[in-house]
Each structure stands twice: as structure tokens, then as C-alpha cells.
Amino acid sequence: KFWFSVLSCCLMRYFPLLLALARTVLAGAWAWRRRDGLDPLQPTCERVYDDFADLAGVRVVAVVFFGRQEYVEILNPYLERALKKHGGVLDAVFFILVKYNVEDAMYLSKLQRRNGASVYMVPSVQGGSWDQAFGVCTEPDTVYIKLDDDIVYISETAFAELAREKLRRRFLYVSANVINHGILSAVHSSLAQLRDVRPTTDGSAWQYHGEVMTEPKYRIEAHTFYSDCVWRRWDCAAFVHEAFLSRLEDNSSCLFDFGIFDFHAHGFGTRSDLRDNPRYIDFNLNMFSWLGSDFADMDWEGLAQDDEHEISVKHPQRRGQHAVALGRAVVAHFAFSSQEKGLRDGTTLFERYKQLSQDLAGRVAVLHYAGVLQPSP
């Protein structure tokens, strides 16, 4: 009893200090950084602390195209970790209601009550068209970061890095380094960043076979965003997810940091869907940053008709500016519509990304919500 009393007294006395220390360690300010050595496929991934001090006076707003609560439940802990009031960089999160039902809207109301309507905001969007959705991002000096609602993993400093690169004003748009992306998956393949992992019979985590994937059926085509392997085939999407998760598991995910990839290095409108009457997209808009002032000369009619074509091709072309992907801002996009059913029915990827999110949700709850977990759908 004596030692229990002493321990209880110490915990009560030093709990605020311990909590402050825990916030420093777990609030999302630690990132893996790549340091190359003798073997280019075996870099050292070093933990580096980032206090985000350079972004303290910058307004950064995440813009989530909302609609599916089962995915937002996975995304939300990453958003909450990144809030500025929690030691991150996000001043607010805009939820743009795109495709949703009553249950989805009710779940969003729970998240608003938890985080406050001045932080988790639902701007009024008339008609749900793309020009109206992007049209709420009107503050010229604010860095906006758009996310699909099925972004299921976000590296610790991705929001900060996307804001920083945009503020350097070298590029018009800065995309995250997206796992399962119409263009970047081919980049990952070309740089031998995708390990040779093979499927199991029970749908569980794929098994490691080697550092280089040589199986012909997993070759990912470049110069198109509607590739057969990845965009059309869910098993290829499963492959890129499994290759990424295998590196996340052994703390070697920094291998995916390719520096900067210029989507427009070879011009504008260089990637089509390979049809007779082709549609051109130079990068998918799964997660990317821009300044509000970048939209001052936007062709809003063109945006309403085809947001990806206008933002990834026409707007940069008119401005004579390039868009890029930032290698250190690693995120995972769960599925394109052509992949979703196969990934949900034929793999355990959704459940495993959800478990990663739940683990983070538990840490976020202890640090910032007095132990109260996020609401369930």
C-alpha cells in the first residue's frame, strides 16, 4: 500500500509534465527521412523531429471531398493529429459535401461537435458541382490541401511538407506522393520502390519474395493515367498497397521519397486515357496543395465540366507553370471506383488500414481528447 500510495502521488504530481512530453513525442512531429548509403535500395530511414515553427503564422486548411463515413472514420485521426491546436499545421478542415447520404451527414455532425464548428467546417456549396466545391477556397494567402475522403494513410509531416513546398512558389500545384495513383504508381515501379510481394490464398498480407518485382503481370504502364495495371485492375492496386505496407511495417517507407517529380517536364496534356477521343490528365487530384491566389484566373466553367483536366492540364498550361509530386509527403489512396469492389471483397487492406488508423486514434484521444475516442459511424 505504501508504494502504491507513493506511485499514485508521483503520477498525480507529474502527470501534466508526462502528458506534455507525450504530446511532443506523439503529436505527429516525427518523420522518417531518407539517408542514402552504399545500397540505393537500402537507404537508412532516420527519425527527425519537426516542430513546424516555420508554419506557425501560415493559415493551412485541409479540404476534404466528403461523402463516405466508413472511409472518413479512417481519415479523421490523421486530420485530428494534424490540427494546429494539437501541435500540427491545420487551422481548419473544410468538408465539401459531394456524394453523401443522411447517415454520412449525421456522422459528420458528430465530428463537428467533437472538434468545434470553427475548426471542422462545412461550407455551403450550391449544386455540388466542382466549380462550387473548389470555389469556397477564396483566401488568397491560405494554403489549401485537397484530399479525397478515401485517403487512408498520411505520413506524419505530409501536410507541413505540402504547405512548405507550395510556399516556395516554384510550382503551381504540389501533389502528395500518393500510393495507388494513376501516374505515380508507374514512377514507384520505375524507381524499383515496389517490392516483390505475392498474394496469399486467404487474402491476408502478401508475402515478401524479393526487393525487385519481376512478375510481368504487375508491370505498370507509364504515359497514361488509365493504365491496365493499377487503374483498371484491382489486383495491381492491391500490389502497390501491399508493397507500401511491407515497407511501413519494417520502417523503410522513406525509400518512396523520390525528391520531386515534375508532371509537366515533357509538356502539358502528355497523358491520356488512350481512347479514340482521348481525355488528358497530367495528375490525379487525390491530395494536393495550392494557394488561394492560384485560383484567381481559374476557368470556372472548364473546372465545372472536368476538374482534373482543368487543374492538371489547362490551368498550368495557361500560366506556364508546372505541377509536381513531393516525394517525402507519402500518403495512401485506397481505391479508384474501378478498383474498390475487388479491394474490399478480395483483400484485407481496408481492415488493415483501419487498424493503423485506430491505433493512431487511441494515441490522439489520450493526448488531446481526455481519452475519448472519435465517434464511430
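Strand S3 (60–66), strand S6 (143–148), helix H10 (307–319) and helix H11 each supply at least two residues to the lining of the largest pocket. The model is predicted, so local features need pLDDT of at least 70 and side-chain atom pairs pLDDT 80 or more, while totals for chains, interfaces and linings use all residues. Residues are numbered from 1 along each chain as its sequence is written, and side-chain values use heavy atoms, without hydrogens or water. Helices (H or I, at least four residues) and strands (E, at least two) are DSSP runs numbered from the N terminus.

**The largest pocket**
- The largest pocket holds about 780 Å³ of space, a volume being the space filled by probe spheres set on grid points joined across faces, edges and corners.
- A pocket is an open set of points on a 1 Å grid over the protein atoms alone, where a 1.4 Å probe fits, with protein on both sides within 12 Å along at least five of seven lines; lining residues have an atom within 4 Å of a point.
- Among the 27 lining residues, Arg68, Lys99, Trp130, Asp148 and Phe336 are the closest to the centre of the largest pocket.

**Serine 227**
- Serine 227 lies in the loop between strand S10 (207–210) and helix H7 (228–232).
- Serine 227 counts as buried because its relative accessibility is 1%, and buried means under 20% relative accessible area (1.4 Å probe, protein chains only).
- Leaving aside residues up to four places away in sequence, serine 227 touches Glu221 and Arg232, where contact means heavy atoms within 4.5 Å.

Key:
Buried < 20%, exposed > 50% of the residue type's maximum accessible area, 1.4 Å probe, protein only.
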